[in-house]
Amino acid sequence: FFSNFNLTMPRPEGWGTFKLGDGPHTNITVFGANWCPHCHNEIGHLKGTGATFVDCADSTNQKLCASKEIEGYPTIYVGDKHVAGEADLDTLLKL
């Protein structure tokens, strides 16, 4: 799935922020890190959904991640609700 997003794993400079396809679930944001295997799994779970992935290991995202008080990866927000750890789309839509 990394080739679909032009990602290499891991990259010292980080991945930045990117969309997981053009799907309708733009209210889902995954906060993770490019070196995190659980985050890699989450990208696979949400591929094509329209969710956003924010790489907290990327220096350009550190203020945003700190403002959300991200303590572990992945942390997934659906609107104002969040869950820590991996979750599939069906689970997230029930939050």
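**Note on a predicted single-chain model**

1. In strand β3, Val-54 is the bridge partner of Phe-31. The model discussed here is a predicted one. The pairing of β2 with β3 comprises 4 bridges, and these two strands run parallel.

2. On its other pairing, β2 (residues 28-32) is joined to β4 by 4 bridges, and here the two strands run antiparallel. Within this pairing, Val-30 has Ile-76 of β4 as its bridge partner. Helix α1, which spans residues 37-46, packs on the sheet and touches β1, β2, β3 (52-55) and β4. The direction of α1 makes about 160° with that of β2.

3. The sheet as a whole is open and is formed by 5 strands in the order β1-β3-β2-β4-β5, with mixed pairing. Its edge strands are β1 (17-19) and β5 (81-84), each of which pairs on one side only. From one strand to the next, the twist averages 20°.

4. What is the setting of Thr-75? This residue is found in strand β4, which covers residues 75-78. Thr-75 counts as buried because its relative accessible area is 7%, and the cut-off for buried is under 20%. Its side chain reaches the backbone oxygen of Gly-72 at 2.6 Å. Leaving aside residues up to four places away in sequence, Thr-75 touches Thr-29, Val-30, Phe-31, Ile-70, His-82, Val-83 and Ala-84.

5. The structure holds 1 disulfide. It joins Cys-56 to Cys-65, with an S to S distance of 2.0 Å. The link of Cys-56 and Cys-65 is left-handed, with -85° about the S-S bond. Both Cys-56 and Cys-65 are buried.

6. Are Cys-36 and Cys-39 buried or exposed? Cys-36 has a relative accessible area of 4% and is therefore buried. Cys-39 is likewise buried, with a relative accessible area of 0%. Both assignments follow from the same cut-off, since buried means under 20% relative accessible area.

7. Some values for the whole chain complete the picture. The chain has 3 helices and 5 strands, and along the sequence these follow the pattern β-β-α-β-α-β-β-α. Of its 95 residues, 45% count as buried. The chain exposes about 5,300 Å², of which carbon and sulfur atoms supply 51%. Among contacts in the chain with a separation of 6 or more, residues 24 or more positions apart account for 63%.

Note on methods
Residues are numbered from 1 along each chain as its sequence is written. This is a predicted model: local features need pLDDT of at least 70, side-chain atom pairs count only at pLDDT 80 or more; totals for chains, interfaces and linings use all residues. Side-chain values use heavy atoms; hydrogens and water are left out. A disulfide is a pair of cysteine sulfur atoms within 2.5 Å. Buried means under 20% relative accessible area, exposed over 50%, partly exposed in between (1.4 Å probe, protein chains only). A polar contact is a pair of N or O atoms within 3.5 Å; within protein, one must be able to donate a hydrogen and the other to accept it, and residues adjacent in sequence count only if both atoms are side-chain atoms. Contact means heavy atoms within 4.5 Å. Two strands pair if DSSP finds at least two bridges between them. Axes are lines fitted to C-alpha atoms, for helices over the stretch in contact, and angles run from 0 to 180 degrees between N-to-C directions. Accessible areas come from the Shrake-Rupley method with a 1.4 Å probe; for residues, only the protein chains shown count as cover.
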